[in-house]
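I wanted a few quick notes on this chain before moving on. Here is what I looked up, entry by entry.

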Amino acid sequence: MSDGEHDDGAGEATDESVVRRDRFSGGPARSFLSSLDDDERIFAADLAVDRAHVVMLAEQDIVDRETAGEILSALADVEAAGHGALHEGEDVHEAIESAVIDRVGAEGGKMHTARSRNDEVATCIRYRLREDLLALIETVVEAREQLLAVAREHTETVMPGYTHLQPAQPTTVAHWIASYEQALQRDTARLLDAYDRVNQNPLGAAAFAGTPFDVDRERTATLLGFDSVLENSMDASATRDFLVETTGAVATLATTLSGLAEDVIVMASKGHVELADDYSSTSSIMPQKKNPDTLELVRGRTGDATAGLNGLLTNLKGQPRAYNRDLQRAGRHAWDAIDSVTESVAVATGAVATADWPAETLAAAAGDGFSTATGVADLLAMAGLPFRTAHELVAEAAGDIEGGDAPDYETIDAVARDRLGESLSAYVDREDVEATLEPAESVAMRDSAGGPAPEAVDAQLSAAEETLAADRNALTTRRERVESADERLDAEVDRYV
Ligand code: ARG
């Protein structure tokens, strides 16, 4: 860590901080112990938490109004000076407290009445994380909107669908896109769910064992925009499961995006999609190259998210109650994961939204490898032939054709005569079989709920648009609650300064 970024303020330290530093770790471990640089992320959160705490202390007559006013003015000053001006302290909480004491005098030390850095830091992390979660959810919601709009344009753009990377059955670009939008719906739900458990108030738990002061934990929850209070004080200051949950949801989202990215990379390699220049890179040596680097980075960033989850779980595993300094290294895993993946969302979906889908090439490829075979078997089964018999019959006809092309009607009919002792025409019309061999018709047949037929996809897209609107509302409601809490806190603080 670059301790040098912060003035260590040795010359101007207060008596109290000198005492603290003289007793502990003025030595080589000083910067090892410090999280001050990392804590920039929670600088604003810490100021808000301090304000809410001081307002509550004054309301509860734990600190007199005048002192509260002086502390709150000093906090405004500290905010204006910025995180970089902090010195003195092994973390942002201590450093802000020292800065307040520098300005107010020893009375400033009343700010830390009835709390500990343990409940304080837990509160700060939650306060900051919810902001990051709201931003991420917003990004995902926008991405879904973009994907649904593109899907609407491509309900009839037939393309090959794969299993095991082998041509399997024809589908459409819209059906493929909608499949990822559906996964992103669940990713959104997981993030909203995580948000609701992040947005709870640990403040007032103190070190872990509560406090003899008559604190009002509901009040600080309200002032900070938390939905509820985390009751048990030992759990409140110790738990970081909310980080695991959030990072888990982020890693799952990253995994969704990696599949999308991988599909596009494979499609691009086959000429099944043309990426916009903005989402492509060229080679420094091979002049003809247009590479899907953006999507490879989306795929690669999944590692950032899973590394975060892994790092976090490893950090937390087996930590005893109630607080251990290991926790100082927990937050960074979640921040790394969420920052990395938030950027990925817009890039992955932007690449899809701006790409060109060459309809003719896709339609031609959609029939590759006799991908319409299942449709022919389905047609025969719909006419009364047991599906297994139909399956074997079509498989045998396909086996007679070189190169995996679709057999024509005659070939299938010859197998039918041989196996069933009667012509195919006893079951189906020739035109119907021939139509089914066409990828577009093969798609149109599969109009079961959720299937790729254009009207089935239209229905999916309409349902998805409704879910999207509901998720937007859920996001707006949460954001507004936080904003009005911010305003309430500002208004309360104004009554003292
Ligand atoms: N900076 C610490 C953290 O991020 C909080 C300080 C608690 N320190 C302590 N020794 N109890 O977790």
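**Entry 1: what I'm looking at.** I'm working with a predicted model, so I keep that in mind throughout.

Entry 2: I checked UniProt, where an unreviewed entry gives "domain: Fumarate lyase N-terminal" for residues 88–302. In the model, I find that stretch to be 60% helix and 8% strand. Its end C-alpha atoms sit 38 Å apart. The unreviewed UniProt entry also lists "domain: Argininosuccinate lyase C-terminal", at residues 370–444. I get 64% helix and 0% strand for that span, with 17 Å between its end C-alpha atoms.

**Entry 3: the largest pocket.** How did I go about finding empty space? The general idea is that a probe the size of a water molecule, rolled over the atoms, shows where space is left. The largest pocket here holds about 390 Å³. I noted 20 residues lining this pocket. Which of them lie nearest its centre? Those are Met 159, Pro 160, Gly 161, Tyr 162 and Trp 176.

Next I asked which elements each supply at least two residues of the lining. I wrote down strand S1 (158–163), strand S2 (166–172), helix H7 (173–198) and helix H10 (241–269). S1 gives the largest share of the lining, with 5 residues. Sorting the lining by type, I got 11 nonpolar, 6 polar and 3 charged residues.

Entry 4: I stayed with S1 and S2 for a moment, as His 164 is placed in the loop between them. The phi angle of His 164 is near 55°, which I flagged as a positive value in a residue other than glycine.

**Entry 5: a helix pair.** I then looked at helix H4 (residues 65–81) packing with helix H5 (residues 92–104). Their axes are 9 Å apart and the angle is about 120°. Because of that angle, H4 counts as oblique to H5. I also checked the handedness, and the crossing of H4 and H5 is right-handed.

**Entry 6: a cis peptide bond.** Where does a cis peptide bond turn up? I found one joining Arg 321 and Ala 322. Omega there is about 5°. I traced Ala 322 to the loop between helix H11 (293–316) and helix H12 (331–354).

Note on methods
Residues numbered from 1 in each chain as written. Predicted model: local features only at pLDDT ≥ 70, side-chain atom pairs only at ≥ 80, totals over all residues. Heavy atoms only, no water. 1 Å grid on protein atoms, 1.4 Å probe; cavity = no way out; pocket = protein on both sides within 12 Å on 5 of 7 lines; lining within 4 Å. Points joined across faces, edges and corners; volume = space filled by probe spheres on them. Helix = DSSP H or I, 4+ residues; strand = E, 2+ residues; numbered from the N terminus. Nonpolar A, V, L, I, M, F, W, Y, C, P; charged D, E, K, R; others polar. UniProt positions renumbered as here; feature names shortened; annotations may be inferred. Axes fitted to C-alpha atoms, helices over the stretch in contact; angles between N-to-C directions. Parallel < 35°, antiparallel > 145°, perpendicular 65-115°, else oblique. Left-handed = near helix turned anticlockwise from the far one by under 90°.
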